[in-house]
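Welcome, and please open your viewer. We will walk through a few selections together, one stop after another.

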Amino acid sequence: MLRSTVLRLAIGYAALFAISALVLAGYTYWATDSYLARQTDKTIVAVADAMLERFRNEGIAGLSRAIEARLAEEADEDEVIVLVDRDRRVVAGNLETVPAGATGPWFALELVREQRSSTARMLRLPLNTGHVLMVGRDVQVRLEVRKVVADTLLWSTGVTAAIAILLGLVARRILTRRLASISSVADRVVLGDLSPRVPLTGAGDEFDRLSGDINVMLDRLTELMDGVRQVSNAIAHDLRTPLTRLRGRLETALAAADSPARFRATAELALQELDQVVRIFDALLRIAEIEAGHRRAAFAPVDLAAIATDVVELYQPLAEQRGLVLEAALDKAEIVGDSALIAQALANLVDNAIKYTPAGGRIRVATVRRDGLAEIKVADSGPGIPVEEREKVTQRFYRVEHSRGSPGSGLGLSLVGSVAKLHGGHLALHDNSPGLRVVLALPAAG
Ligand SMILES: Nc1ncnc2c1ncn2[C@@H]1O[C@H](COP(=O)(O)OP(=O)(O)OP(=O)(O)O)[C@@H](O)[C@H]1O
Ligand SMILES: [Mg+2]
């Protein structure tokens with residue numbers, strides 16, 4: 001139970017509160033009590049002075065008269081005055097007997113007055129005649145008040161601490177109940193079920209916010225898990241096709257191929273099929289590597305125009321061979337990034353444009369710097385991509401229906417998308433009417 005943060009806090013606060021209350025009240029009590037004690041002593045000394053004055057002027061007889069007169073007229077019940085002779089017999093005053101043995105000027109005297117015992121504070125003054133004058137006051141009330149106050153202090157401290165601990169227990173109960181809903185969701189998630197969400201109370205307090213955050217986190221996790229599931233399904237599906245084809249070919253070759261030449265031809269086709277499988281794996285691994293973000297460590301300043309020059313040069317022969325015009329309009333556009341990845345991304349875009357644009361078409365590659373962005377654009381005059389499919393073509397393995405006939409695995413644009421993300425940029429597909437215009441926008445350097 002002491003492991004509970006709330007309870008520990010409550011106990012800590014109770015202790016702090018009790019101690020400070022005790023110190024404050026204790027000081028007040030002490031200050032008041034010592035003030036009252038000083039007042040008592042002052043009064044005693046004043047009375048004693050007055051009596052001594054009478055003794056000096058009128059001797060023992062005068063003093064006795066003064067004492068009797070004072071006791072007769074004075075209404076102060078707490079006052080104690082007594083004059084004794086050298087044999088300790090009372091000469092005057094309101095005490096019957098006088099205790100023996102007291103030494104020193106100040107002493108405490110136990111009395112019984114009106115059937116109750118009480119304590120008086122006394123001042124003893126020996127006179128030169130051998131008499132002793134004692135003046136004092138009954139301080140029983142003060143002592144009783146002192147005891148009551150001390151008791152009250154102890155009790156209230158104890159009660160305060162008890163109430164604080166009780167409140168701590170109540171708070172712990174409430175918190176435990178609120179945390180229980182989060183725990184139970186966590187338990188189910190641990191068992192592999194990502195569907196439960198923490199119910200919100202609508203109070204908008206810390207717990208609601210925490211629960212909200214946890215729910216957002218679970219949503220995101222679900223999304224990621226779905227992504228992983230979808231990709232692994234797609235991988236299984238997409239590898240199945242070339243592998244099945246490969247199997248079919250080998251089977252036919254075994255059954256029907258009768259000459260070494262036909263075997264050879266089949267083996268070559270099989271190799272191509274296998275190369276395609278390896279390419280898919282390479283592309284997937286590459287995308288995974290980019291998404292892991294490790295390549296960010298190797299970022300350096302690069303000019304998009306320089307990269308584009310190389311890529312365009314590389315693809316020029318292929319474009320010509322397909323009867324396409326490939327042209328470039330390159331402005332200096334510097335970024336901080338990974339030049340090999342950007343070259344790969346641009347190559348994928350140009351490769352698509354060449355692959356999907358029918359002969360006689362035009363492909364235009366441009367780089368520009370605009371509004372803090374460095375952009376690479378690839379525009380073609382091919383069939384384009386319908387608006388509703390533009391989102392999907394950047395997903396892994398997605399291919400538009402019309403391109404099923406051409407070679408490819410649907411990973412090219414996924415890689416471009418992850419390169420954009422890695423650099424903090426984005427990929428946009430527009431209508432080039434006719435054709436497709438792809439814009440890869442990255443944050444410009446400086
Ligand atoms: N320039 C384009 N014109 C028309 N359709 C395009 C163009 N670029 C891409 N697409 C469509 O988007 C789909 C996804 O492109 P992506 O580059 O990701 O895959 P792919 O070219 O089919 O295969 P891969 O690039 O992996 O060899 C293509 O299958 C095609 O349908
Ligand atoms: Mg492609």
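This is a predicted model: local features need pLDDT of at least 70, side-chain atom pairs count only at pLDDT 80 or more; totals for chains, interfaces and linings use all residues.

Residues are numbered from 1 along each chain as its sequence is written, while chains are lettered from A and ligands numbered from 1 in the order in which they are written.

**Stop 1: the domains.** Colour residues 5-155 as domain 1, 206-289 as domain 2 and 295-443 as domain 3; such bounds come from an automatic or database domain assignment.

**Stop 2: two helices.** Select H3 (residues 206-256) and H4 (residues 260-292); helices are DSSP runs of H or I with at least four residues, numbered from the N terminus. Their axes are 9 Å apart and the packing angle is about 170°, with axes being lines fitted to C-alpha atoms over the stretch in contact and angles running from 0 to 180 degrees between N-to-C directions. H3 is therefore roughly antiparallel to H4 (angles over 145 degrees).

Now show side chains at the contact (C-beta atoms, placed from the backbone, within 7 Å). H3 contributes residues including Ile 235, Leu 239 and Arg 249, and H4 residues including Phe 263, Glu 273 and Ile 280.

**Stop 3: domain 2 against domain 3.** The C-alpha centres of these domains lie 24 Å apart. Here 9 residues of domain 2 touch 8 of domain 3. On the domain 2 side, H3 and H4 are the elements giving two or more residues, and H4 provides the largest share, 6 residues.

How values were computed. Angles under 35 degrees count as roughly parallel, over 145 as roughly antiparallel, 65 to 115 as roughly perpendicular and the rest as oblique. Two residues are in contact if their C-beta atoms, placed from the backbone, lie within 7 Å.
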